[in-house]
Amino acid sequence: MLDAHAQENRNLTVDGITINVPSLPDAVSSIVSAAQSGDSFSVCTLNLDHVAQLEQRPEFRAAYRRARFVTADGFPIVVLGRLLGTPIRRTTGADLVEPVCQAAQKKGLSVFLLGSNEPTLELSAKRLGEKFPGLKIAGYFAPGQNFDPYSPEADLAIERIRASGAELCFVALGAPRQEVFAARCLDELKGTGLLCIGAALDFIAGTQTRAPSVTQKIGLEWAWRMLHDPRRLGPRYARCMAVVPRLVARTIPQILTARLRKAA
């Protein structure tokens with residue numbers, strides 16, 4: 001079994017951000033364990049869109065650096081991990097919600113839902129409660145569309161989460177707002193883990209449709225989404241594709257070092 005230092009050396013670092021949670025089961029167990037310990041922490045899921053934004057948004061990079069747990073949400077990142085010799089599996093924000101709720105229900109941990117809109121949150125809470133009887137949903141709050149992580153509305157959101165006593169909070173505000181807000185909460189909330197989950201609650205409520213599982217498994221969820229919303233997602237994925245050559249070039253030294261160490 002690898003010791004902590006050896007495991008750290010095997011973790012993939014993408015543009016200065018370390019993927020330290022290699023799979024969904026690892027993510028769920030790490031999150032629940034930290035919540036049971038009463039820790040304050042944040043969870044981010046790194047994808048190519050985030051990598052593209054990290055260079056342009058210092059506050060986004062700072063938020064990522066403060067995250068306790070980072071998963072790989074993006075097939076190219078998974079491939080780079082495998083080249084490094086680390087068996088990374090893709091774990092998105094949408095993947096996390098139900099397994100974490102299932103574990104939270106078993107451990108008696110309460111959850112809070114933040115983001116999207118009131119009808120979506122109400123329906124998400126109802127469906128999660130039905131699927132996991134006994135799950136403690138401490139509350140939910142839907143801020144406005146132009147939510148600012150440092151606004152009076154954000155102050156109100158933090159107060160709502162604090163008053164709820166929730167040990168876990170699902171933050172569905174979209175990047176980079178959700179990550180920046182989660183990082184701010186680390187300084188203002190005690191004993192709450194914040195999971196940045198993107199559109200996950202919309203998927204649960206059915207207000208958005210997630211790509212079929214087969215496209216997820218073969219790394220083509222992005223293509224399915226773009227075909228269904230080309231005007232909005234086309235420019236985003238073009239930026240993502242432009243990131244890939246630079247990302248590979250920056251990761252090659254890490255891969256070569258790992259392979260030479262293994263061969264020695």
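Start by selecting residues 168-172 and 193-196: these are strands β7 and β8, which run parallel and are joined by 4 bridges. Strands here are DSSP runs of E with at least two residues, helices are runs of H or I with at least four, and both are numbered from the N terminus. Two strands count as paired if DSSP finds at least two bridges between them.

You are looking at a predicted model, in which local features need pLDDT of at least 70, side-chain atom pairs count only at pLDDT 80 or more, and totals for chains, interfaces and linings use all residues. Residues are numbered from 1 along each chain as its sequence is written, and side-chain values use heavy atoms, leaving out hydrogens and water.

Next, click on Leu168, whose bridge partner in β8 is Gly193. Then pick Val171, which stands opposite Cys196 in β8.

Stay on β8 and turn to its other neighbour. Here β3 runs parallel to β8, joined to β8 by 3 bridges, and Phe41 stands opposite Gly193.

Now zoom out to the open sheet, where 6 strands pair in parallel in the order β4-β3-β8-β7-β5-β6. Its edge strands, β4 (69-72) and β6 (136-141), each pair on one side only.

Finish by selecting residues 177-188: this is helix α9, which makes a right-handed β-α-β unit with β7 and β8. Right-handed means that, with the strands pointing away from you, the path from the first strand over the helix to the second runs clockwise.
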